[in-house]
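Subject: Structure handover

Hello,

Here is the structure for you to look at. Please open it next to this message.

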Amino acid sequence: MQETHQITDTLLMVRPANFGFNEETAASNAFQINDQSLSNPEIQAKALVEFDALVGKLRDAGIQVLVVEDTADPFTPDAIFPNNWVTFHEDGTVMTYPMCATKRRLERREDILELINKKYSITQRYELEAYEADNMFLEGTGSMILDRENKIAYACLSPRTDLTVLDEFCEIRGYEPLTFLAVDQQGLEIYHTNVMMALGATFVVIALDTVQNQEEKERLEEKFAETGKEIILISIKQMLSFAGNMLQVGNAEGKTFLVMSEQAFQSLTPTQIAQIEKHTTIIHSDIPTIEKYGGGSVRCMMAEVFHA
């Protein structure tokens, strides 16, 4: 039986052509800020600088990054966040997902999948996007935090994360769904699980205060203990600085890294940094424009490429 790994050394990233504020996604993403002090070309130029700097840091660490250029047409202001529409799996399976915002559905690109197929053979394909017709959504590893080794899909339910679609994913992949409700300080549902939680091979960074139901909170804590994950708690304030939006990746030499934004890193306490560094090395990169206008951080920019 094929061994399953929690982290990969290969990432897919999409270099944006029209990055900017998307009013359609802002309805359910409280992290987006429509700061009109910059023109659209200025926002795009700054986003490119931030994107290229992050790619450079990842490659310097020996992580393989497959960069695909976004297309100017169709207009896809959030194409920089590919982890929402596609996941790749070690058995050669690729899955594509139903997206809430109509503009975001245009991000699904067959040419990207063909590129991956040429490099790493895709053996099975599952398309869940038919659920869009019923207004049911599951936005990839934004909606789900996958414990690939223990086959658990953690998900905070929201307008972008539907239980029926999650159950289909879990049935296809043989995963156990672990669902809960997470809210911010205003009591609004957190739109994506990956802004309040990041799962590494031996640890989990999580804003547990967002989970108000005590039974759900205890179930999470029990599952983390059962699967050998040290809990590194962050506050809701730190979550708002994207301290939950992190991804652990590796390089060909077997060294691991937790990738986060500069804002996320600066929000952490020395104790939290020491907790993380017991498990892995930190990489942080400054992406203020992407975070402000896109409402997502570095984890959203990286689609993990697991392959057979």
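Below are notes on the salt bridges and on one helix.

This is a predicted model: local features need pLDDT of at least 70, side-chain atom pairs count only at pLDDT 80 or more, and totals for chains, interfaces and linings use all residues. Residues are numbered from 1 along each chain as its sequence is written, and side-chain values use heavy atoms, with hydrogens and water left out.

**Salt bridges**

A search of the whole structure finds 15 salt bridges. The term means a side-chain nitrogen of Lys or Arg within 4 Å of a carboxyl oxygen of Asp or Glu. Helices (H or I, at least four residues) and strands (E, at least two) are DSSP runs, numbered from the N terminus. Buried means under 20% relative accessible area, exposed over 50%, and partly exposed in between (1.4 Å probe, protein chains only).

- R109 pairs with D111, with the closest N and O atoms 2.7 Å apart. R109 is buried at 13% relative accessibility. D111 is partly exposed at 40%.
- R160 pairs with E139 at 3.2 Å between the closest N and O atoms. R160 sits in the loop between strand 7 (152-156) and helix 6 (163-173), and E139 in the loop between strand 5 (124-127) and helix 5 (140-143), so the pair ties together parts 21 residues apart in sequence. R160 is buried at 4%. E139 is buried at 0%.
- K278 meets E230 at 3.4 Å, N to O. K278 is in the loop between helix 10 (270-277) and strand 14 (281-285), and E230 is in strand 11 (residues 230-233), 48 residues apart. K278 is exposed at 59%. E230 is partly exposed at 24%.

Salt bridges that share partners also join R105, R108, E129 and E132 into one network.

**Helix 7**

Which residues of helix 7 are buried? They are E216, K217, L220, K223 and F224. These residues cover an arc of only 130° around the axis, which puts them on the same side of helix 7. The arc is that of the directions from the helix axis to the C-beta atoms. An α-helix has 3.6 residues a turn, so residues three or four places apart point the same way. On the other side of helix 7, E215, E222, A225 and E226 are exposed.

The buried residues of helix 7 pack (contact: heavy atoms within 4.5 Å) against strand 7, strand 8 (176-180), strand 9 (197-199), strand 10 (203-206) and strand 11. Just after helix 7, G228 takes a positive phi of about 75°.

Best wishes
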